[in-house]
Amino acid sequence: MHTMYEKVVSVVAKPVEDRTDIECMDLVAWFRNKSSLFQSLKAEIIKDVIRHCIFERPKKDEVIIKQGDNGDRLYIILRGKMSIYVLQDKENEQEVKQLIEKAVAKGKLDRAALGQHVWTSVEGNTVGEIALIKEDCVRTASVVVDEDTDLMVVDRTLYNRSVRDVLEKEFHDKTQFVETNPLFSFWSPKMKKSLAISLKREIHYYGSPIVRQGQAVENLYIITEGEVEILIDQGGYKEQFPEMWTEMKRLLPELLPPKRRVSIGRQREVPVNITPSESLRQKKMSHKNFQMCLLGGNEIIGATETLLGLKTYMENANVTRKTELLSLSKGNYQRLFMKKSASRSIERLKKVMVSRLYLYIHRTQMSLHNASLLKYLTLKLRDPESLKQLKSKHTRKPKGKQEKYKEYFYGAFNSRSYDKDEENIRSFLKTMGVYYITDNSLPELETSSRVLADLNDHLSDWLKRTQKSEKPEFREVLSPDGQKFKRYRLEAMTQPPRLDTFVRTKTIA
């Protein structure tokens with residue numbers, strides 16, 4: 001018995017004149033589920049695409065699109081995957097085209113010569129549509145087949161009468177979003193255009209997970225419409241981020257959860273013995289997903305992980321109603337946001353994510369749980385210089401023979417030295433009238449207590465601002481008509497976490 005996919009291939013692999021309307025109409029539902037491109041199209045249009053498309057099956061490492069060429073067709077992946085590469089920072093398109101041709105002409109394909117890897121397209125994705133939308137029809141990236149892949153090819157004639165309106169509207173909406181979003185207001189027109197091309201539209205429905213905690217970070221997701229629930233299991237952070245946890249333990253041990261101990265006598269302490277049932281209860285509570293908030297329009301999922309270079313997502317994001325997203329791959333983020341011209345966008349994004357981490361910490365503390373790693377991640381985003389000073393203070397000296405070194409604190413010389421010429425240095429300093437200090441009572445540049453006190457002060461200030469006051473914290477979000485901004489207030493809850501006390505984006509003006 002043939003599978004549904006085998007039936008699809010048997011139809012689209014036929015010559016166009018041998019395909020019948022009946023068998024093409026039978027595949028409409030399958031194509032709607034397979035690709036988001038067909039979800040909003042009428043059945044007759046989808047049938048027309050199935051009836052007149054071209055079926056191709058390229059082999060691994062075959063280059064089907066070359067950056068700089070003129071494009072007259074788009075590809076829909078039925079099975080397999082393909083990688084997208086962008087060669088940038090070149091003087092002109094002719095130079096790019098020559099470099100790509102040189103790389104492809106070699107016997108064995110060198111993918112690095114095609115530029116930076118920015119995206120991997122999988123089943124259901126559309127590739128090559130930008131050249132058909134743009135007036136100049138120039139390919140903006142190179143596409144290489146990663147494994148034997150089945151493709152549905154739509155030429156320009158079929159494109160113009162079937163999917164052009166859908167794709168052009170989607171590209172216009174993405175361009176409008178980038179042009180009007182305050183996060184990208186500092187970008188040049190060329191960078192904004194590159195971002196609009198790189199963004200991919202996704203639609204998710206109730207109950208659909210966008211990301212899972214512990215899943216590898218691949219994309220950032222910007223919510224354009226809908227609602228997403230955020231849940232976190234902090235009990236798994238120690239195993240999920242072992243390097244980060246070890247670093248926090250070394251630099252800021254005060255953040256670690258306090259151990260339950262009881263004093264015996266004047267100086268002796270021993271751990272508290274608990275019953276097996278209590279131990280099991282604590283273990284279950286330590287690995288429980290806690291509801292943090294509901295995110296609405298213009299909020300970003302995966303930004304904290306990308307900014308800090310975390311390998312896996314730190315939260316679960318589930319859709320609570322139909323939601324539209326724009327996804328940006330990690331490769332495209334590095335290509336666009338790591339430029340000097342995007343530095344102000346990075347700083348603004350950090351402030352937004354620090355505000356959300358304050359919310360997570362506040363919600364966690366209301367649940368009588370410890371927010372150790374959340375506080376440490378907040379410090380890494382908000383005050384990285386203090387952590388650098390703490391790291392330098394905790395740097396271990398190499399074993400064996402001590403190397404000579406000098407230390408300066410607020411302009412004073414610390415005579416602590418293992419140099420053989422120590423006495424000569426002291427005599428020279430006395431001759432120059434410089435008084436040195438021989439004890440270790442100098443003030444330290446940074447202390448863990450000051451860093452934590454500063455964090456608590458900022459958290460208290462944030463809590464006062466977000467509660468109903470004269471100056472609440474506002475967030476600007478583009479209205480659906482694209483003409484003006486709505487103002488949203490982020491409120492901190494004063495009650496224990498419940499489903500009806502989620503933090504929501506509320507229109508107030």
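Visitor: What does "buried" mean for Tyr237 and Phe241 in this predicted model?

Guide: A residue is called buried when its relative accessible area is under 20%. Both Tyr237 and Phe241 are buried, so each has a relative accessible area under that cut-off.

Visitor: How many aromatic pairs are found in the whole structure?

Guide: The search finds nine aromatic pairs. One of the pairs joins Tyr5 and Trp30.

Visitor: Why is the pair of Tyr5 and Trp30 called tilted?

Guide: The ring centres of Tyr5 and Trp30 are 6.1 Å apart, and the angle between the planes is 50°. Centres must lie within 6.5 Å for rings to pair; planes under 30 degrees apart would be stacked and over 60 edge-to-face, so 50° counts as tilted.

Visitor: What makes this pair a tie between parts apart in sequence?

Guide: Tyr5 belongs to helix H1 (residues 4–12) and Trp30 to helix H3 (residues 28–34), so the pair ties together parts that are 25 residues apart in sequence. Tyr5 and Trp30 are buried. Ring pairs also link Tyr5 and Trp30 with Phe31 and Phe38 into a cluster.

Visitor: Why is the pair of Tyr237 and Phe241 called tilted?

Guide: Their ring centres are 5.7 Å apart and their planes stand at 50°, so the pair is tilted.

Visitor: How do you know that the charged end of Arg79 lies within the distance limit for the ring of Tyr5?

Guide: The charged end of Arg79 sits over the ring of Tyr5, 3.8 Å from its centre.

Note on methods: Residues are numbered from 1 along each chain as its sequence is written. This is a predicted model: local features need pLDDT of at least 70, side-chain atom pairs count only at pLDDT 80 or more; totals for chains, interfaces and linings use all residues. Side-chain values use heavy atoms; hydrogens and water are left out. Rings of Phe, Tyr and Trp (its six-membered ring) pair if their centres lie within 6.5 Å; planes under 30 degrees apart count as stacked, over 60 as edge-to-face and the rest as tilted. Helices (H or I, at least four residues) and strands (E, at least two) are DSSP runs, numbered from the N terminus. Buried means under 20% relative accessible area, exposed over 50%, partly exposed in between (1.4 Å probe, protein chains only). A charge sits over a ring if NZ of Lys or CZ of Arg is within 6 Å of the ring centre and within 35 degrees of the ring normal.
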